[in-house]
Amino acid sequence: MKVDETINLEQEGFVFCPKSGECYTLNSLGQTILSWIKSGDSVHIIKQKILEQYDVSEVVLDADLEDFIALCVRYRLVEV
């Protein structure tokens, strides 16, 4: 999985996709996850990082992370 190279990820959480012309806003965790994907982290590594930093159950995290990645793929921010 990788972030499309044409995607512009700003520190403020704004994401611009030149392919679609769309602009999105991410919360801080969404921005961090997208940055981790961009740096080459696997879903397993990302999951471990979130579990270390946040008080969330693994079951909830699995579902939420899967949903987030699916949305990123749908909006052409991430390629699998």
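Tutor: Start with the largest pocket. This is a predicted model, and about 180 Å³ of space lies in that pocket.

Student: What makes a residue part of the lining of the largest pocket?

Tutor: A lining residue has an atom within 4 Å of a pocket point. Asn27, Leu29, Gly30, Ile33, Ile50, Tyr54, Val56, Leu61, Asp64, Leu65 and Phe68 line the largest pocket, so each of them meets that cut-off.

Student: Which elements give two or more residues to this lining?

Tutor: Those are α1 (28–38) and α3 (58–74). The largest share, four residues, comes from α3.

Student: How do the lining residues divide into nonpolar, polar and charged?

Tutor: Eight are nonpolar, two are polar and one is charged. Asp counts as charged, so Asp64 is the charged one.

Student: What makes a set of residues a nonpolar core?

Tutor: The residues must be buried, of nonpolar types, and joined through side-chain atoms within 4.5 Å. The largest such core here has 19 residues. Val15, Ile33, Leu34, Ile46, Leu77 and Val78 have the most contacts inside it.

Student: Which elements supply at least two residues each?

Tutor: β3 (14–17), α1, α2 (43–53) and α3 do. The most, five residues, come from α3.

Student: What is Val78 in contact with, leaving aside its neighbours within four places in sequence?

Tutor: Met1, Lys2, Val3, Asp4, Leu34, Ile37, Cys72 and Val73. Contact means heavy atoms within 4.5 Å, so each of these has a heavy atom within that distance of Val78.

Student: How do you know that β3 pairs with β4 and with β2?

Tutor: Two strands pair if there are at least two bridges between them. Four bridges join β3 to β4, and two join β2 to β3. Both counts reach the cut-off, so both are pairs.

Student: Why are β2 (8–9) and β4 (22–25) at the edges of the sheet?

Tutor: The order in this open sheet is β2-β3-β4, with antiparallel pairing. β2 and β4 each have a single partner strand, so one side of each is left without a neighbour in the sheet.

Student: Which residues stand opposite each other in the sheet?

Tutor: Among them, Phe16 has Cys23 of β4 as its bridge partner. Asn8 also stands opposite Phe16. Val15 stands opposite Tyr24.

Student: Which face of β3 is covered, and which uncovered?

Tutor: Val15 and Cys17 make up the covered face. Phe14 and Phe16 make up the uncovered one.

Terms used:
Residues numbered from 1 in each chain as written. Predicted model: local features only at pLDDT ≥ 70, side-chain atom pairs only at ≥ 80, totals over all residues. Heavy atoms only, no water. 1 Å grid on protein atoms, 1.4 Å probe; cavity = no way out; pocket = protein on both sides within 12 Å on 5 of 7 lines; lining within 4 Å. Points joined across faces, edges and corners; volume = space filled by probe spheres on them. Buried < 20%, exposed > 50% of the residue type's maximum accessible area, 1.4 Å probe, protein only.
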